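Dear colleague,

Please find below the structure that I am handing over to you. My notes on it follow directly after.

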Amino acid sequence: MNTHFHITAWVLAVILLIVVVVLHKQGKAKGAKITHMILRLAYLLILISGGILLYKYFTIEGMKASLRGEVVVKAIAGIWVIYAMEMIGVKTAKGKPTKGVWIQLIIAFLITLILGFGRLPFGILP
């Protein structure tokens, strides 16, 4: 159940990020600011559910040491994704260039997805 909650939270965060950027581009600063605050709440949900998943990974008996390392890398990449999303929202609000942060977001997101769905044992929990 926690894996589904975690996935739902980050899908919601991606949608909210897109809404924040679009609202800023349309000049609707107040709506963008409110949506950005909701996005920050989604970050908290991602961090909490991700922390619970991290705890579950480390309490599995017999887990290979190499997988534990990958879990840590995935967690760091996940935090990197949240950082990049926040920087995109902030820089867009200030009218600063965001190309570099978008590239960071794509790289970190791909690392997180590949490790989360492809390599690690929980994939999607029932």
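H4 counts as partly exposed because its relative accessibility is 36%, where buried means under 20% relative accessible area, exposed over 50% and partly exposed in between (1.4 Å probe, protein chains only). The model is predicted: local features need pLDDT of at least 70, side-chain atom pairs count only at pLDDT 80 or more, and totals for chains, interfaces and linings use all residues. Residues are numbered from 1 along each chain as its sequence is written, and side-chain values use heavy atoms, with hydrogens and water left out.

H4 belongs to helix α1 (residues 2-25); helices are DSSP runs of H or I with at least four residues, numbered from the N terminus. Between the C-alpha atoms of H4 and S49 there are 9.5 Å, although the two are 45 residues apart along the chain.

S49 is one of the buried residues of α2, which also include A32, L39 and Y57. The axes of α1 and α2 come within 8 Å and cross at roughly 155°; axes are lines fitted to C-alpha atoms, for helices over the stretch in contact, and angles run from 0 to 180 degrees between N-to-C directions. The two helices, α1 and α2, are therefore roughly antiparallel, a term for angles over 145 degrees.

In helix α3 (residues 65-94) lies T92, which is buried at a relative accessible area of 13%. Leaving aside residues up to four places away in sequence, T92 touches V21, H24 and T98, contact meaning heavy atoms within 4.5 Å.

Yours sincerely

Methods:
Angles under 35 degrees count as roughly parallel, over 145 as roughly antiparallel, 65 to 115 as roughly perpendicular and the rest as oblique.
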